[in-house]
Amino acid sequence: MIVKSAEFICSNTQISKLPPPVKPEYAFIGRSNVGKSSLINMLTAKKGLAKTSQTPGKTQLINHFYINDNWYIVDLPGYGYARASKTEKAKWDKFIHNYLDKRESLQCVMVLVDSRLEPQKIDLEFCNWLGERGLSFVLVFTKADKQSSIKTDQNIAKFKKALLATFEESPQYFVTSSETQLGREEILAFIDNINNN
Ligand code: GTP
Ligand code: MG
């Protein structure tokens with residue numbers, strides 16, 4: 001797929017104010033600082049589209065970006081931000097879970113996982129929560145440029161193995177780097193395929 005246009009539409013804290021659920025939508029979610037906003041900029045080839053930061057917790061709202069006047073990318077606040085208070089975390093859980101549960105136009109949840117790390121409990125728990133809800137998701141391993149492909153493959157194998165404790169099959173996955181554009185064509189083709197079916 002060629003991205004001809006990518007436009008910021010709105011930031012929201014209220015589900016009731018989201019754009020009408022009439023276009024296919026893909027939500028990008030994962031631990032705080034995993035590289036969600038950077039990946040969105042890489043996919044759309046628009047550097048400043050989604051705000052990125054070295055400080056975790058940058059994306060606080062649910063942000064809609066309209067692609068090719070046909071489908072949405074949604075940038076969500078990261079989970080597991082260590083410095084968030086208990087109340088803030090609970091608020092995040094409620095809001096995001098509510099969005100994921102209710103959003104009729106949501107086609108697939110893109111779960112971003114840092115490819116440099118061994119399987120993290122919080123990521124596995126989130127995948128399990130999606131599985132329990134019957135929500136379809138794929139894994140997107142980020143920041144692959146930061147280490148050797150051998151190390152990346154080892155961490156992916158461990159993550160898939162950990163998921164097999166609860167899932168019969170491991171989900172589809174992509175290996176990406178927002179620095180080198182690794183995985184860009186694959187993810188866009190995956191989305192294009194769903195949009196056209
Ligand atoms: P929150 O909105 O705070 O949850 O973070 P986020 O998941 O949107 O992460 P963001 O895209 O802001 O990136 C966090 C940091 O990681 C930034 O300093 C990025 O430059 C860096 N980063 C993101 N993706 C990559 C990547 O593929 N390679 C490298 N080397 N750095 C990356
Ligand atoms: Mg962000």
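Predicted model: local features only at pLDDT ≥ 70, side-chain atom pairs only at ≥ 80, totals over all residues.

**A chat about the fold**

A: Start with β5, helix α3 (residues 121-133) and β6, which make a right-handed β-α-β unit.

Q: How do β5 and β6 pair, parallel or antiparallel?
A: β5 and strand β6 (residues 137-142) are parallel, with six bridges between them. Val 109, for example, stands opposite Phe 137 in β6.

Q: OK, back to the strands. How many bridges join β2 to β5?
A: Six, and β2 and strand β5 (residues 106-114) run parallel. Ile 29 has Val 111 as its bridge partner in β5.

Q: Which way does β2 run relative to β4, parallel or antiparallel?
A: Strand β2 (residues 25-30) runs parallel to β4, and four bridges join them. In that pairing, Tyr 26 has Ile 73 as its bridge partner in β4.

Q: What about β3 and β4, parallel or antiparallel?
A: Antiparallel: strand β3 (residues 62-67) is joined to β4 by five bridges. His 64 is partnered with Val 74 of β4.

Q: What sits between those two strands in the hairpin?
A: Three residues, and in this β3-β4 hairpin Asn 68 takes a positive phi near 50°.

Q: Is β4 mostly covered or mostly open?
A: Mostly covered: four of the five residues in strand β4 (residues 71-75) are buried.

Q: And helix α2, how many of its residues are buried?
A: Zero out of 17, so α2 lies largely in the open.

Q: What span should α2 have?
A: At 1.5 Å a residue, the 17 residues of helix α2 (residues 86-102) should span 24 Å, and the end C-alpha atoms are 24 Å apart, which agrees.

Q: New topic: where does Pro 19 lie?
A: Pro 19 is in the loop between β1 (6-12) and β2.

Q: Which residues is Pro 19 in contact with?
A: Setting aside neighbours within four places in sequence, Pro 19 contacts Ile 9, Cys 10 and His 64. Pro 19 and His 64 are 45 residues apart along the chain, yet their C-alpha atoms are separated by 8.1 Å.

Q: Why is Pro 19 called partly exposed?
A: Because Pro 19 has 15 other C-beta atoms within 10 Å, and buried takes 20 or more, while exposed means 12 or fewer.

Conventions: Residues numbered from 1 in each chain as written. Chains lettered and ligands numbered in written order. Pairing = 2+ DSSP bridges. Contact = placed C-beta atoms within 7 Å. Expected span 1.5 Å × (residues − 1). Right-handed = clockwise from strand over helix to strand, strands pointing away.
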